[in-house]
Amino acid sequence: RGPVGTSIEITIRRKGLKNAKIIKIVREIIEIKSVVAKLIEEDIGYLRLRAFNENSSNQLKKEISKLEKNKKMVGYILDVRNNPGGLLSQAIKISDFFLNDGEIVSTKGRRLRENRKFFANKGDKINGKPLIVLINNGSASASEILAGALQDQKRAILLGENTYGKGSVQSIIPLKNKGAIRLTISKYYLPSGKSISEVGVAPDIRIEESGEEFSINTSTDNQLNYAVKLLSG
């Protein structure tokens, strides 16, 4: 740790090397790239969201703006498979990208201050084009909020497998011994009133991963291939 732009020397000892190796590196702010985007068959936008971190919504907005310049676009595929979640604020912002109005998510707890509702603002960034969201058992928390909101608002078709079912909100309470307790204080509820906890979000079209060679965003990705066929057809 140290100021950005300053250097540090790292000493590495490796099997087969008689002397230790010294490498000089410069400290930088590392921005984790949480969005992968590409064009499929010249008219389908593919957006893979790996996590909901501080920069996710800005990264996604930039990629959508680039893809929207293509006047041939027929639809989008939003991939949140194996996305463990992250910031609630980012889940709300990103859900809002595809909605013009309506509820996104609500939280309910024992205390009144934990009961909150979040709504979409006007402005669909893909201008109402068809949207398919890819989900699986590795899609949790913020991913489930996004998928569930878009499904309940009838804005997207969910394709893949049932999500994980992590619908609780935690608060970290500091302790005198410098430790902390992570305590569940409320639960997430979808616009339909359903809780995500322990049940997850079910896909509209159930397509299971096929074969041992299955790999996300490759030619062996039968779930993505199915989504492409739906939009192309």
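Leaving aside its neighbours within four places in sequence, which residues is Ser-141 in contact with?

## Ser-141 and its surroundings

In this predicted model, Ser-141 is in contact with Pro-84, Gly-85, Lys-166 and Tyr-188, once its neighbours within four places in sequence are left aside. Ser-141 lies in the loop between E8 and H3, and with a relative accessible area of 8% it counts as buried, because buried means under 20% relative accessible area.

## The six-stranded sheet

An open sheet is formed by six strands, which follow the order E3-E4-E5-E8-E9-E12 with mixed pairing. Strand E3 and strand E12 (205–206) stand at its edges, and because each has a single partner strand, one side of each is left without a neighbour in the sheet. Helix H3, which covers residues 142–152, packs on this sheet and touches E5, E8 and E9, while its direction makes about 140 degrees with that of E8.

Strands of a sheet pair through backbone hydrogen bonds, in either a parallel or an antiparallel manner. Here E3 and E4 pair in the antiparallel sense over six bridges, and within this part of the sheet Leu-39 stands opposite Gly-45 in E4.

## Helix H4 and what covers it

Helix H4 spans residues 222–232, and its buried residues are Asn-222, Gln-223, Leu-224, Ala-227, Val-228 and Leu-231. An α-helix has 3.6 residues a turn, so residues three or four places apart point the same way. The cover over the buried residues of H4 includes strand E3 (35–40), strand E4 (44–49), strand E5 (75–79), strand E8 (131–135) and strand E9 (157–160).

## The hairpin of E6 and E7

Strand E6 (residues 103–109) and strand E7 (residues 116–119) run antiparallel and are joined by four bridges. Together E6 and E7 form a hairpin, with six residues between them, and in this pairing Val-105 stands opposite Phe-118 in E7.

## A nonpolar patch on the surface

On the surface, Ile-8, Ile-10, Ile-23 and Ile-25 form a nonpolar patch, whose members together have about 270 Å² of accessible area. Strand E1 (7–12) and strand E2 (21–26) each supply at least two residues of this patch.

One of the patch residues, Ile-8, has its place in strand E1.

Notes: Residues are numbered from 1 along each chain as its sequence is written. This is a predicted model: local features need pLDDT of at least 70, side-chain atom pairs count only at pLDDT 80 or more; totals for chains, interfaces and linings use all residues. Side-chain values use heavy atoms; hydrogens and water are left out. Patches are made of residues with over 30% relative accessible area and no salt bridge: like charges are joined within 9 Å, nonpolar side chains (Val, Leu, Ile, Met, Phe, Trp, Tyr) within 5 Å. Accessible areas come from the Shrake-Rupley method with a 1.4 Å probe; for residues, only the protein chains shown count as cover. A salt bridge is a side-chain nitrogen of Lys or Arg within 4 Å of a carboxyl oxygen of Asp or Glu. Buried means under 20% relative accessible area, exposed over 50%, partly exposed in between (1.4 Å probe, protein chains only). Contact means heavy atoms within 4.5 Å. Two strands pair if DSSP finds at least two bridges between them. Axes are lines fitted to C-alpha atoms, for helices over the stretch in contact, and angles run from 0 to 180 degrees between N-to-C directions.
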